[in-house]
Amino acid sequence: MTDPMTLHARLAAPVEAVRRALTDPAELRVWLAEHAEVELPRRYEFWGRYTPEGDAPHQRLLHVDDETLRFAWTLDGVETTTEFRLRAEGPATTLLTLSQSHFNFEEAVSGTGSIRGVLQTYWGLSVANLAAHLEGRTLLPKVDFTSSEMRGELLIDAPMARVYEALTDSEQASAWFGYPIGIEPWVGGRYAMGGFDAGFAAKVVDLDPGRKITVDWGPTGVSTWELAQSEGKTKLTFVQSGFDESNPPYAAWAGSVSGLAELRRYLEMADWQPIWLAEDPNAETEAVTTAG
């Protein structure tokens, strides 16, 4: 059974800039894909190693106007539909809704079955990189779907102690990740996505206070976050290892990396607000229009 998947985000850029980032092939090659070709209103394609099944372009443009971009995308032999909707929230802010058909949550959790199981976290990381691109920030590493190496670095303008605290404190980690996380920051402690009452908890297997934490997730491998000082900032190195290299946990890796975009914003912005919204940002406007 497939489920509709929807993401809502607030982007710090005018609608015109967001639309250009979504439709200009040169910009797409920065934040989304290794290769991209766009000729509106008939062609919208992206492919390469940072795209699921990216050996060739598999998209077909369905509709485009000033506020909507919709295309078919064939994955694992099934034609899915992806749609971006934009709405201005002010002169320099855009509300984005991304919807994706044919997403199977069970495949995402198990890491088995169709490549479509990566779609939620793939788009989460892609939108996080779109936000970083629009804000003029360094992008996060994209998922390389041709490789089993999962390693990245991120420079954060905050002291090491502050970064470590945000990584290991349950309340702060839940805030920037946007999902409840229960953390017992000691060797043998639990690292529970969904909180301590959710049932499943990974295990902290190594910890160097103030510098490093390693968590064993079982079949999807071991995650390590390691901190080092770098020219007055903190360099965060994150690695996923110990998994079945014939079945790399791309979905889990993309989700972990996308969360670090908010960690950086959380630590660097005095008036931090997450880009992610829990509800449809277009719903209120549509309701008012319908009532009128």
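Colleague: How are helix 1 and helix 4 oriented to each other?

Modeller: Helix 1 and helix 4 are oblique to each other, since their axes cross at roughly 125°. Angles under 35 degrees count as roughly parallel, over 145 as roughly antiparallel, 65 to 115 as roughly perpendicular and the rest as oblique. The model is predicted: local features need pLDDT of at least 70, side-chain atom pairs count only at pLDDT 80 or more, and totals for chains, interfaces and linings use all residues. Residues are numbered from 1 along each chain as its sequence is written, and side-chain values use heavy atoms, with hydrogens and water left out.

Colleague: Within what distance do the axes of helix 1 and helix 4 come?

Modeller: The axes of helix 1 (residues 15-23) and helix 4 (residues 119-135) come within 11 Å. Axes are lines fitted to C-alpha atoms, for helices over the stretch in contact, and angles run from 0 to 180 degrees between N-to-C directions. Helices (H or I, at least four residues) and strands (E, at least two) are DSSP runs, numbered from the N terminus.

Colleague: Which residues meet there, helix 1 to helix 4?

Modeller: A17, V18, A21 and L22 of helix 1 meet L130, H133 and L134 of helix 4, where contact means heavy atoms within 4.5 Å. By class, this contact has 6 nonpolar, 1 polar and no charged residues. Ala, Val, Leu, Ile, Met, Phe, Trp, Tyr, Cys and Pro count as nonpolar, Asp, Glu, Lys and Arg as charged, and the others, Gly among them, as polar.

Colleague: On to T23: buried or exposed?

Modeller: T23, which lies in helix 1, is buried, with a relative accessible area of 11%. Buried means under 20% relative accessible area, exposed over 50%, and partly exposed in between (1.4 Å probe, protein chains only).

Colleague: And what does T23 touch?

Modeller: Not counting residues up to four places away in sequence, T23 touches L28, V38, L40 and Y44.

Colleague: Changing topic, how do helix 5 and helix 7 cross?

Modeller: The axes of helix 5 (residues 160-168) and helix 7 (residues 250-268) cross at roughly 130° and come within 11 Å. That makes helix 5 oblique to helix 7.

Colleague: Which residues of helix 5 and helix 7 meet?

Modeller: R162, V163, A166 and L167 in helix 5 meet L263, Y266 and L267 in helix 7. By class, there are 6 nonpolar, no polar and 1 charged residues in this contact.
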